[in-house]
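Trainee: Could we go through this structure together, one question at a time?

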Amino acid sequence: STQSTWGVHVAHCGDTRLVAILNANQYTVITQDHSVNSTSEQQRIMQNGGQITSVQGGLRVLPGLLNVTRAIGDLDSKPPLTAEPELNSFQVQQNLKFLVLATDGFWDVVTPAQCAHLLAGCHTAPQAATTLLHAAVGGLPPNQSPHDDTTILVINPNA
């Protein structure tokens, strides 16, 4: 039997990550973070007049002391930062369970493997998004916020 496929096109800029979840043990990270830890991004920053510095054990881009190398906002850091997106296209097979698009506030706490495992029992996008949100911030005291913004979008291609 032939499986039908459909295409997804992503214009990605920054550290929001897209992950395709197939089942509890299989996932594919679609986008790579535009991080100062990437050698190619470091080279691009320096070619555009920026500097890389170490701050409290982590690398940062000057000006701005950011750990991302591409961003839509952060106008005071452009150049050397850029809003030019990285373009990705991929074919999705019918066995795709969910697409998860989330900010670094989520991915800093939950790995893609943990995400796939957490979504094993979920059947709808709202159920999946709620499960992931609880995993990311559920253990925090009521008056404490996550250390970073946390946005999660879950797409169920089979709905």
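Mentor: Let us begin at the surface, where Leu101, Leu153 and Ile155 make a nonpolar patch of about 230 Å². A patch joins residues with over 30% relative accessible area and no salt bridge, like charges within 9 Å and nonpolar side chains (Val, Leu, Ile, Met, Phe, Trp, Tyr) within 5 Å, and accessible areas come from the Shrake-Rupley method with a 1.4 Å probe, only the protein chains shown counting as cover for residues. Please keep in mind that this is a predicted model, in which local features need pLDDT of at least 70 and side-chain atom pairs count only at pLDDT 80 or more, while totals for chains, interfaces and linings use all residues. Residues are numbered from 1 along each chain as its sequence is written, and side-chain values use heavy atoms, with hydrogens and water left out.

Trainee: Is Leu153 buried, partly exposed or exposed?

Mentor: Leu153 is found in strand E8, residues 152-155, where helices (H or I, at least four residues) and strands (E, at least two) are DSSP runs numbered from the N terminus. Buried means under 20% relative accessible area, exposed means over 50%, and partly exposed lies in between, with a 1.4 Å probe and protein chains only. Because the relative accessible area of Leu153 is 43%, Leu153 is partly exposed.

Trainee: How many salt bridges does a search of the whole structure find?

Mentor: Side chains of opposite charge can pair when their charged atoms come close. A salt bridge is counted when a side-chain nitrogen of Lys or Arg is within 4 Å of a carboxyl oxygen of Asp or Glu. With that rule, the number found in the whole structure is 3.

Trainee: Which residues are linked in a network of salt bridges?

Mentor: The side chains of Glu41 and Arg44 meet in a salt bridge at 3.0 Å, N to O, and they are separated by about one helical turn because they are 3 residues apart in helix H1. Glu41 also forms a salt bridge with Arg70, whose closest N and O atoms are 2.9 Å apart. Arg70 lies in the loop between E5 and E6 and Glu41 in helix H1, so this pair ties together parts that are 29 residues apart in sequence. The residues linked in the network are therefore Glu41, Arg44 and Arg70.
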